[in-house]
Amino acid sequence: MTKIGLLSDTHSYLDESVFKYFADCDEIWHAGDFGDADVADQLEAFKPLRGVYGNIDGQDLRLRFPENLRFTCEEVEVFMTHIGGYPGKYAPRIKTELTVNPPKLFITGHSHILKVVFDPKIRCLHLNPGAAGKHGWHKVRTLMRFEINKDKIENLEVIELKGR
């Protein structure tokens with residue numbers, strides 16, 4: 001079993017409570033818009049980090065992280081990108097890949113809207129952890145934790161961070 005901490009849209013702000021909430025996680029996944037490399041450095045120093053760059057990330061982060069990341073965690077194929085849309089409204093640049101070769105888990109950021117949606121057409125779970133940073137129009141800062149147990153995604157939790 002692999003325990004995952006998932007966040008996105010930190011926009012150069014990393015709440016100290018992230019380290020408490022992700023203490024028992026095996027890996028941290030960041031779905032883009034780190035804001036600056038210091039956020040990635042702090043996360044990477046804490047736990048193994050997988051991530052994608054977002055639209056606000058500079059060249060340093062774009063050289064360090066890919067735009068799209070496809071990998072397998074245990075027996076779950078994961079596809080992560082920052083701007084990906086959601087079931088019924090996938091971003092045009094990735095729609096074909098999702099429909100021709102769907103992953104079991106599709107992770108995006110960008111919208112600052114927390115979403116957990118199963119797409120029955122491609123049999124894929126879509127997660128967007130919302131925004132963990134202070135910049136943007138969202139009213140509540142959020143993170144997610146979940147477990148991958150062989151081919152199952154289990155024990156999904158949404159965490160609301162204090163303050164804005």
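Predicted model: local features only at pLDDT ≥ 70, side-chain atom pairs only at ≥ 80, totals over all residues.

Me: What order do the strands of the open sheet have?

Reply: The general idea is that strands of a sheet pair through backbone hydrogen bonds, either parallel or antiparallel. Strands (E, at least two residues) and helices (H or I, at least four) are DSSP runs numbered from the N terminus, and two strands pair if DSSP finds at least two bridges between them. Here, five strands make an open sheet in the order 3-2-1-11-12, and the pairing is mixed. Strand 3 (49–51) and strand 12 (152–161) are at the edges with a single partner strand each, so one side of each has no neighbour in the sheet. From one strand to the next, the twist averages 20°, where axes are lines fitted to C-alpha atoms (for helices, over the stretch in contact) and angles run from 0 to 180 degrees between N-to-C directions.

Me: Do strand 1 and strand 11 run parallel or antiparallel?

Reply: Antiparallel: strand 1 (residues 2–7) and strand 11 (residues 141–149) are joined by five bridges.

Me: Now the hairpin. How many residues lie between strand 9 and strand 10?

Reply: Four residues lie between them, and Arg123 in the turn has a positive phi of about 55°. Strand 9 and strand 10 run antiparallel, joined by six bridges, with Lys115 opposite Asn128 in strand 10. Strand 10 also pairs with strand 8 (residues 105–107), this time parallel and through three bridges. In that pairing, Leu105 stands opposite Leu125.

Me: Why is strand 10 largely enclosed by the rest of the structure?

Reply: Start with the idea that in a regular strand the side chains alternate between the two faces of the sheet. Then the burial scale: buried means under 20% relative accessible area, exposed means over 50%, and partly exposed is in between (1.4 Å probe, protein chains only). Six of the six residues of strand 10 (residues 124–129) are buried, so the strand is largely enclosed. Cys124, His126 and Asn128 cover one side, and Leu125, Leu127 and Pro129 the other, all of them buried.

Me: And the outside: which residues form a nonpolar patch on the surface?

Reply: Leu114, Val116, Leu156 and Val158 do, with about 280 Å² of accessible area together. Strand 9 (114–119) and strand 12 are the elements giving two or more residues to the patch. Patch members need over 30% relative accessible area and no salt bridge; nonpolar side chains (Val, Leu, Ile, Met, Phe, Trp, Tyr) are joined within 5 Å, and like charges within 9 Å. Areas come from the Shrake-Rupley method with a 1.4 Å probe, and for residues only the protein chains shown count as cover. Leu114, for one, is partly exposed at 31%.

Me: Which loop holds Asp9, and is Asp9 buried or exposed?

Reply: Asp9 lies in the loop between strand 1 and helix 1 (17–21), and at 0% relative accessibility Asp9 is buried. Phi of Asp9 is near 50°, a positive value in a residue other than glycine. Ser12 is in the loop between strand 1 and helix 1 too, with a positive phi of about 75°, but Ser12 is partly exposed at 39%.

Me: Last one: how many salt bridges does the structure hold?

Reply: Nine, a salt bridge being a side-chain nitrogen of Lys or Arg within 4 Å of a carboxyl oxygen of Asp or Glu. One of them joins Arg70 to Glu97, with the closest N and O atoms 2.8 Å apart. Arg70 is in strand 4 and Glu97 in helix 4, so the pair ties together parts 27 residues apart in sequence. Another pair is Glu157 and Arg145, at 3.0 Å, N to O. That pair links strand 12 with strand 11, the two residues being 12 apart. There's also a network of salt bridges linking Asp41, Glu44 and Arg64.

Technical notes:
Residues numbered from 1 in each chain as written. Heavy atoms only, no water.
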